[in-house]
Amino acid sequence: MDHLDCIEAHSIYILREAFNKFNRLVMLWSLGKDSNVMLWLAKKAFFGHVPCPVLFCDTGKKFPEMYSFQKKYTREWDLDFIRRECPPIEEIDPALPPSVRSASRKTEALKRLIDELELQAVVVGIRRDEESTRAKERVFSPRGENAEWDFRDQPPEFWDHFRTELLPGTHIRIHPLLHWTELDVWLYIQRESIPLVPLYFARDGKRYRSLGDMDITKPVNSKADTVEKIITELLTTKVAERTGRMMDHETEDAFEMLRSVGYM
Amino acid sequence: MTTISISNIEQIKLVIAGHVDHGKSTMIGRIMQDTGKLHDDKIALLKAISKRRGMPLEWAFALDAMRAEREQGITIQTTQVFIRTATKSYVIIDVPGHKEFINNMISGAASADAAILLVDAKEGVQDQTRVHGYILHWLGFDSVLVVINKMDLVNYSKNRFDEITIQVNKHLEKMGIIPTDILPVSALYGDGLVHKSQNMPWFTGHTLMSSLETVLPKPMPMELPLRLPIQDIYTFDERRIIVGRIESGKLKVGDTLMFAPSNAITKIRSIEAWGTNLPVLAASSGQCVGITLEDHIFLERGFLASHNTDPALQTYFFRARIFWLADTPLELGRRYKLKLTTIERIVEVYKIEKVIDVFDLSEHSTSRIERNMIGEVVLHARAVLSLDEFTFNPRLGRFVLFDGYDIVAGGLVFTDKLQELGLTSSQSLQQISTVGSYVTIDNRWRANGHKSGILWLTGLSGSGKSTLALALENILFRKGWQVFVLDGDNIRSGLSADLGYSPADRYENIRRVGEIASLFANAGVLVITSFISPYRSDRARARALIPTLFHEIYVNASLDTCKKRDPKGLYKKANKGEIIEFTGISSPYEIPASPELEVNTCKQSINQSIEKMLSYIQEKFSIESDK
């Protein structure tokens, strides 16, 4: 087994644990590269099927290319697709910094769906490598009654034994890609020929390294217009993956604030 | 740059252990900087947040990402960062050094291929150096890379380095851990990490990164016997795919497998995979596989597949070296849920042999094991358990214990010296691994045409338990089922004739019913018990004997209704005080918290209740038809 085989196997193990332990779970599909890899891994884990609903929290502000990608692959991958509109910005705490407030719409949509469907678990494609509070996560990460995350008080997790017992009113976030790096994701996309939103590939000297809402996501300078060139770029870049995601940088602990109240 | 060369770089997981404030996070942050892994905006951020706190540039903030960690200047939660050199890729695991966060330390350290033990040149070996050292030893590391940090604080003195080296060596020697290398560094200034130190010309050995070049990932246990714990069974389409991760060994299409604990034997028909056109014919350790089988045998999660020529041990008793993580201590006689790969069993602490003082490595006898202590215990599983000795096959020889919602311990399996404990031969390994393998429960089910188990009816006197039990027995028997009712009439008259109705006698009576019912279930019979069994703890004990085959059925009827029905006139007597401790009147009935099924005989007719139970039985006890 080479490195990609190892990380793939670990993700498949996690997905199968999730599916075994919970009846009411959804996978989050942000339409980005990581969640596409996650769906691909699910098809591997479940022999061509994605056996749980796939949730898209629609802020209404995604790029047009993302919406058309969603339509095409919902059909092609035969997904049990759920779209939820995020509540308007007016319903979100105005004390939050602007981009954080905007990003919180997604958290709010997710929380409402969790209550509505009485979800036990939400499968999310976050990675330790992309952001330093995510690096502190567990694979099976318990959330409180209001979806809050207490980074201090996380259950011990070792030898692939995950805490799957749920306190009433709480849910678990499951992170099958936690151990992947950005480079791993691109090497795997290359090996498996996984389809992507074209915005990742450079046009006129710019490309998106991470996709979010149009108004709070910026492209980076790049000439990489193929998967191969992106891999080469990643080997030498001094720019962080989420540089273009404004909500990460508004204040020192902007992302910690977002995540501690339930953001992905 | 080709794909193959990058993805073939092996990844090594390294944990950095050591006492609080000896510089673990700082060292990792500095390595990230010196290997070019810190991005430009991250460095700008670190500068800004260090300045805001009136500090020089703090490398540890690259890892200590949480406000609480930065403000207290300590790592609270374990984290992992990724570093790549020309030839290798590393996952570096930072763990908290503070004694409050040992849970997080173990969560980080358990997955590592190699360990670095970091020691402050000024302070030398401290409490958590010892604790972390012992945890590494317990996790199976027989060597560590020792790094003596903060050499800048001791003027880069060779004498001090030599002193600490002797101190550390002496401590590691006691545990039998070999230091693969001992390196002087200053993490703050980058001396001896990626670049050779100009300040320590007397040291001619490796830098940290060059020393790490020689570290290898833990090999996949390919040469050990096959162990494939069943994770799940999928029937998304016409295929019945058995999935699991091969923990050790290898398999190929056509191999004969034996599945513990039923010990049923069949062959692998195919290895299934999605997204490949070529048939998969073989697989080996580390792979998550899906297989189909020649025969449709009964299987479920927690069964363990091995080659029939080389099965795992099957036992009720084993010794374990455990690390206790919970505030409530481990005590003799307590029960916990054990998870070993996908296998789950209730285990009871049969014996506490000793506890090891991780500070001076002395051993003491004890009756309890407290938080953050390592102890040796004998555990007793209520149903046969498949495992390997840790030193033989680590992946099948390690487990965790749960108490309620929480992981309370990690443990390693040892199977030596069981005879010395006075365990009788029927309990020891050799006996168990042969007995029971000729006629399996699966054989019995197939012969009977249905599965067996216990329907444990519980409810107030007069709720309708016996009526339901006897009616079901009649209906099922006429359909050709092996079915039998245990109730007060046939138990109290013989087996429990020596017992009265005191709490102790009631407890003993229910214990006997549980044991008998479990024997019937193992004999292939669907057994229906009809006892008030008012206490949750008593019912839980019965369940623990045979958890997968135990079905608690709550026969619910209000006390008023039961009093009105009063078929045996018992409530009248109880009200007059002629019967003491009568459930519902003078002693409590504890309602089941989560029964498998509930029937309400106030709201439904007896026939409706029977229908409900029959459809439950149909669902749980019928055998899928063979194709």
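How many of the residues of β4(B) are buried? Keep that question in mind while the view is set up, and begin with a word on what is on the screen.

This is a predicted model, in which local features need pLDDT of at least 70 and side-chain atom pairs count only at pLDDT 80 or more, while totals for chains, interfaces and linings use all residues. Residues are numbered from 1 along each chain as its sequence is written, and chains are lettered from A and ligands numbered from 1 in the order in which they are written.

**Stop 1: chain B as a whole**

Select chain B, whose C-alpha atoms fill a box of roughly 95 × 65 × 50 Å along the principal axes. Chain B has 17 helices and 28 strands, where helices (H or I, at least four residues) and strands (E, at least two) are DSSP runs numbered from the N terminus. Of its 627 residues, 44% count as buried; a residue is buried if 20 or more other C-beta atoms lie within 10 Å of its own, exposed if 12 or fewer, and partly exposed in between, with C-beta atoms placed from the backbone. Among contacts in chain B between residues at least 6 apart in sequence, 72% join residues at least 24 apart, a contact being two residues whose C-beta atoms, placed from the backbone, lie within 7 Å.

**Stop 2: the six-stranded sheet of chain B**

Next, colour the strands β2-β3-β1-β4-β5-β6 of chain B, which in this order make an open sheet with mixed pairing; two strands pair if DSSP finds at least two bridges between them. At the edges are β2 (79–84) and β6 (178–184) of chain B, each of which pairs on one side only. On average, neighbouring strands of this sheet are turned by 25° against each other, direction ignored.

Now select β4 (114–120) of chain B, which answers the opening question, since seven of its seven residues are buried. In general, the side chains of a regular strand alternate between the two faces of the sheet. Show side chains here, and on one side of β4(B) you will find Ala114(B), Ile116(B), Leu118(B) and Asp120(B), with Ala115(B), Leu117(B) and Val119(B) on the other, all of them buried.

With β1(B) it pairs in the parallel sense over five bridges, and Val15(B) stands opposite Ala115(B). β4(B) and β5(B) also pair in the parallel sense over five bridges, with Val147(B) in β5(B) as the bridge partner of Leu118(B).

Helix α6 (residues 127–138) of chain B makes a right-handed β-α-β unit with β4(B) and β5(B); right-handed means that, with the strands pointing away from the viewer, the path from the first strand over the helix to the second runs clockwise. Helix α5 (residues 102–109) of chain B lies across β1 (11–18), β3 (89–94) and β4(B), running at about 155° to β1(B), where axes are lines fitted to C-alpha atoms, for helices over the stretch in contact, and angles run from 0 to 180 degrees between N-to-C directions.

**Stop 3: the annotated loop of chain B**

Move to the residues that UniProt, in an unreviewed entry, marks as "binding site", including Gly462(B) and Ser463(B); UniProt positions are given in the numbering used here, feature names are shortened, and annotations may be inferred rather than shown by experiment. Gly462(B) lies in the loop between β24 (453–458) and α11 (465–478) of chain B, and counts as buried because it has 24 C-beta neighbours inside 10 Å. Leaving aside neighbours within four places in sequence, Gly462(B) is in contact with residues including Arg565(B) and Asp566(B). Ser463(B), in the loop between β24 and α11 of chain B, is buried with 27 other C-beta atoms within 10 Å. Beyond residues up to four places away in sequence, Ser463(B) touches Val555(B), Asn556(B), Ala557(B), Cys562(B) and Thr601(B).

**Stop 4: where chain A touches chain B**

Finally, show both chains, and select the 48 residues of chain A that are in contact with 51 residues of chain B. On the chain A side, α1(A) gives the most, with eight residues.
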